[in-house]
Amino acid sequence: MIHRALRHPSFVVGLAITLMVLLIAILAVFWTPHDPTAIRISARLRPPSATNWLGTDQFGRDVFSMLILGARNALLVGIVAVGIGLSIGVALGMVAATGEGSLLDEGIMRVCDFTFAFPAVLTAILILTFLGPGLVNAIIAIGIFNIPVFARIARGAALQVMARDYIRAARAAGRSTPGILARHVLPNITGILIVQASVQFALAILAEAGLSYLGIGTQPPNPSWGRMLNDSQTFLAQAPTLALFPGAAIALAVLGFNMLGDGLRDVLDPKSLER
Amino acid sequence: MLSVEHLRITFRDLPILRDLSFSIDRGEALGLVGESGSGKSMAALAIMGLLPKGMKASGRVMFEGENLLALDDARLCTYRGRHIGMIFQEPMTALNPVHRIGQQVAETLVLHGLMNQSEALREAERLLERVGIDEPHRRMHSYPHELSGGQRQRVMIAMAMACKPGLLIADEPTSALDVTVQSEILDLLQDLRLQEGMGTLFISHDLAVIAKVARHTLVLYGGAAMETGDTLALLREPRHPYTQGLLAALPHGRTRGTRLQPIPGFVPPAHQLAPGCPFYGRCPRGDSECRMRPPPLTLAHTHAWCFHPGRRA
Ligand SMILES: Nc1ncnc2c1ncn2[C@@H]1O[C@H](COP(=O)(O)OP(=O)(O)O)[C@@H](O)[C@H]1O
Ligand code: SF4
Ligand SMILES: [Mg+2]
């Protein structure tokens, strides 16, 4: 399987981009070339140079430092929001699958259908107007929108697995339903969940950028790619690179996770749900 | 040890199994035979408490003094795998593709609290050797897809035997295998039964297979018992027209000079069965009485449920 993976171009490129973004984000936790919140009006809107690799913004803040801290925030949103969606969604989906056709199953799936009826970002905006703006609330909003996605996928995949002969054999060996879910169903649906998780990861990064662009995501002085993009608009004529860098960062990260998901889809071949 | 009494199964008010009774003692093997669709698997699943959704069982399944039909699922889990083992027809798909062979054999022992993990793994290796897996130590680490069908069925047998159950239910355990592998597996099951003293319910559509392994045989058709008795007696001189038909369809049938004759027609679905004898319609001796009333039990060297039992006409 590893051989197949390493010969899959989209997987390799996606993995490389993802790892790069990840390493940069980890680096940003410990070190940035400059304090990304330090304001120096005297050095505002500088072009890229040896001291400020990607130049400075309208407050004289170092763009490179902001960008890599932005990567950290983007990944944080992705990890926590997808984590919320995965854990709650998969649990709900598997419970629904075990009681296929029951009231509980119907209930869970109707709620999922209901949330699907709204566009993701609109739902997030709606939730944020209740919770108030901010990074943590944005993560919660995006996480909530991820729950029905994973619930549906987990339910469908679990139903397929539960019709397998080895599930009947496991029951005949005395396994209870929770034991069967943990021991037999979950390991056989992880492939399909991992693929979906990388796609949702890209969507979460995009959603956070969108919310921050609208000013209801990450709040200043905490840097975010979406807000950097918004801020840059005013100075587009004087400093076009200000828009270029966060835009490219968003595109690259989203592309990376999507390609990784695409590659994983082929490598893990979750359609067959088997290795 | 196992005594099935007046077992009935219905699916949306349709009879799947009509009033089936039999018993199996420790160390004894009962063969359950009948064409595909006659209800053999449902009878087995009813004993395990694993009937598909929507099927209802009534009557009694007495196992060591306990009526299994009256137990809830949590109590049944302490019987399944522990006191009653089961193997299925499809060895290619009955093992979980993501877990190693050794682990899958060992986990039944851990599940029922008989051993801790490391003891169970050691026992699993011993079991693999016992069921005739070559290089058991190496095979412990294999995944199911690395094994042939026959080897996988051996692993399934090792899993079902792990807790030394008093009863083994084998539902068409060799029907999906090559003829040579088939007889190896039959020998193994026979050997294990004699050595471990388990009772065995051996299910097959093939009377020739049943003849090799079971002292007693019960012939099932359309969810109803047709004929039962000592396997030899049943093969030598069947009294029921359906058993006679099955026998005539065997490639190596004992009736000299007769050619292979499959029974004309096919097993009717449950909703098309008349209130009388299920075999009515395909039976050469059927008359209006057979159609309207359930046939009576007639006793001779075998027990047959039939209005017109006896020698082949
Ligand atoms: N899941 C199910 N739901 C409804 N009917 C079923 C189901 N499985 C089997 N049956 C019906 O039950 C009857 C007996 O089937 P089965 O016990 O599998 O036969 P056998 O094992 O003798 O081939 C058949 O008429 C079949 O159509
Ligand atoms: S009862 Fe009648 S129909 Fe049924 S097997 Fe006997 S003779 Fe044939
Ligand atoms: Mg069957």
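Start with helix H7 of chain A, residues 165–172. Six of its eight residues are buried, so the helix is largely enclosed by the rest of the structure. Buried means under 20% relative accessible area, exposed over 50%, partly exposed in between, with a 1.4 Å probe and protein chains only. Helices (H or I, at least four residues) and strands (E, at least two) are DSSP runs, numbered from the N terminus.

A word on ground rules. This is a predicted model: local features need pLDDT of at least 70, side-chain atom pairs count only at pLDDT 80 or more, and totals for chains, interfaces and linings use all residues. Residues are numbered from 1 along each chain as its sequence is written, chains are lettered from A and ligands numbered from 1 in the order written, and side-chain values use heavy atoms, leaving out hydrogens and water.

Which residues of H7(A) are buried? Asp165(A), Tyr166(A), Ile167(A), Ala169(A), Ala170(A) and Ala172(A). Their cover includes helices H6 (135–162) and H8 (177–213) of chain A. Just after H7(A), Gly174(A) takes a positive phi of about 100°.

Now salt bridges: a side-chain nitrogen of Lys or Arg within 4 Å of a carboxyl oxygen of Asp or Glu. One pairs Glu107(B) with Arg175(A), closest N and O atoms 3.6 Å apart. That pair crosses between chains, from helix H3 of chain B to the loop between H7 and H8 of chain A. Glu107(B) counts as buried, at 8% relative accessibility. Arg175(A) is buried too, at 14%.

Compare Arg8(B) and Asp19(B), whose side chains meet at 3.7 Å, N to O. Arg8(B) is partly exposed at 40%, and Asp19(B) is partly exposed at 34%.

Last, chain B's domains. An automatic or database domain assignment sets the bounds: domain 1 is 2–214 and domain 2 is 233–313. Contact means heavy atoms within 4.5 Å. On that rule, 13 residues of domain 1 of chain B touch 15 of domain 2 of chain B. How many salt bridges cross this interface? One. Arg282(B) bridges to Glu35(B), with the closest N and O atoms 3.1 Å apart.
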